[in-house]
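Q: I would like to learn how to read a few features from a structure. Can we go through them one at a time?

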Amino acid sequence: MDDRESAESDYAAYELSFRRDASGRNLIQGRVSATLRLRCERCNGVLELPVSSSFTLAVVEGLDEAAQLPEAYEPLLPEEADIDPAELVEDELLLAVPAVSRHAAGTCAPPPFAAPAEDLPDDTSHPHDNPFAVLEGLKRGH
């Protein structure tokens with residue numbers, strides 16, 4: 001991958017539109033697409049995941065209002081009066097990330113695993129030592 005391709009994959013393309021529906025709800029409709037670079041949990045290599053998402057958010061003032069929305073709308077309960085479009089795009093990208101990111105089955109393998117050396121007892125330990133033996137000796141002395 002050359003520097004130009006790397007720079008292009010560092011950006012997300014998005015489109016947002018703001019309108020009201022027939023019921024007077026404030027809506028934000030959007031699309032976002034990007035190629036996310038994640039860490040494959042199988043091989044620990046770079047996984048480039050293309051994502052594309054469309055959404056319709058309805059700005060609501062409380063949970064009661066959110067519960068009454070049609071299924072086509074997702075509720076947006078802003079914490080402040082201003083809505084940051086960059087945060088909306090970021091949230092949609094985060095929602096597109098899988099819980100476990102891995103390359104497709106059969107396209108990668110886990111890194112080689114070096115088995116630990118067998119547990120060999122060292123010369124200073126005795127398998128029958130009781131960690132409380134010192135306390136027992138103190139108890140007998142009194």
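A: This is a predicted model, in which local features need pLDDT of at least 70, side-chain atom pairs count only at pLDDT 80 or more, and totals for chains, interfaces and linings use all residues. Residues are numbered from 1 along each chain as its sequence is written, and side-chain values use heavy atoms, with hydrogens and water left out.

Q: How far is the sulfur of Cys 40 from the closest cysteine sulfur, and in which residue is that sulfur?

A: A disulfide is a covalent bond between the sulfur atoms of two cysteines. Here the rule is a pair of cysteine sulfur atoms within 2.5 Å. The closest cysteine sulfur to that of Cys 40 is in Cys 43, at 3.7 Å, which is too far for a bond.

Q: How many disulfides does the rule give?

A: The count is 0 disulfides.

Q: Is Cys 40 buried or exposed?

A: Buried means under 20% relative accessible area, exposed over 50%, partly exposed in between (1.4 Å probe, protein chains only). Cys 40 has a relative accessible area of 1%, so Cys 40 is buried.

Q: Is Val 134 buried or exposed?

A: Val 134 is exposed, because its relative accessible area is 62%.

Q: What lines the largest pocket?

A: Rolling a probe the size of a water molecule over the atoms shows where empty space is left. On a 1 Å grid over the protein atoms alone, a pocket is an open set of points where a 1.4 Å probe fits, with protein on both sides within 12 Å along at least five of seven lines; lining residues have an atom within 4 Å of a point. The residues lining the largest pocket include Leu 76, Pro 78, Asp 84 and Asp 91.
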